[in-house]
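Dear colleague,

I am handing over the structure we spoke about, and I would be glad if you would look through it before reading my notes.

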Amino acid sequence: MQNIQSSTREVEYMTRKEAAEYLRVSVVTVDRLVNRKDFHGKVNIGSRVLIIKSVLDNYLKAKAS
């Protein structure tokens with residue numbers, strides 16, 4: 001997991017593979033999740049996709065309720 005520090009807070013970014021391991025699903029399932037229109041925690045850096053961990057956690061909590 002990568003940490004990128006901003007002036008006020010630290011944000012944790014996960015690769016697609018790390019997110020898949022974290023959620024215990026396949027990378028394809030992570031791709032489907034992050035490409036949904038209602039998921040706003042994906043950051044593209046060139047061809048690389050990073051996922052903001054806190055947004056992922058909040059999204060999953062909201063979907064579970």
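This is a predicted model: local features need pLDDT of at least 70, side-chain atom pairs count only at pLDDT 80 or more; totals for chains, interfaces and linings use all residues.

Residues are numbered from 1 along each chain as its sequence is written, and side-chain values use heavy atoms, with hydrogens and water left out.

The protein has three helices and four strands, which from the N terminus on run β-β-α-α-β-β-α; helices (H or I, at least four residues) and strands (E, at least two) are DSSP runs, numbered from the N terminus. Of its 65 residues, 28% count as buried, where buried means under 20% relative accessible area and exposed over 50%, with partly exposed in between (1.4 Å probe, protein chains only).

Helix H1 (residues 16-23) and helix H2 (residues 27-34) pack at an angle of about 105°, their axes lying 8 Å apart; axes are lines fitted to C-alpha atoms, for helices over the stretch in contact, and angles run from 0 to 180 degrees between N-to-C directions. That makes H1 roughly perpendicular to H2, the term covering angles of 65 to 115 degrees. The contact (heavy atoms within 4.5 Å) is made by Arg16, Lys17, Ala19, Ala20 and Leu23 of H1 together with Val27, Val30, Asp31 and Leu33 of H2.

Within H2, the residues Val30, Leu33 and Val34 are buried, and seen down the helix axis the buried residues of H2 fall within an arc of 90°, so they line one face of the helix; the arc is that of the directions from the helix axis to the C-beta atoms. What covers them includes H1, strand S3 (42-45), strand S4 (48-52) and helix H3 (53-64). Val34 touches Phe39, Lys42 and Ile51, if residues up to four places away in sequence are not counted.

The largest nonpolar core has 10 residues, namely Met14, Ala19, Ala20, Val30, Leu33, Val34, Phe39, Ile51, Leu56 and Tyr59; such a core is a set of buried Ala, Val, Leu, Ile, Met, Phe, Trp, Tyr and Cys residues joined through side-chain atoms within 4.5 Å. H1, H2 and H3 each supply at least two residues of this core, and the largest share, three residues, comes from H2.

Finally, His40 is found in the loop between H2 and S3 and counts as exposed, at 64% relative accessibility.

With best regards

Conventions
Angles under 35 degrees count as roughly parallel, over 145 as roughly antiparallel, 65 to 115 as roughly perpendicular and the rest as oblique.
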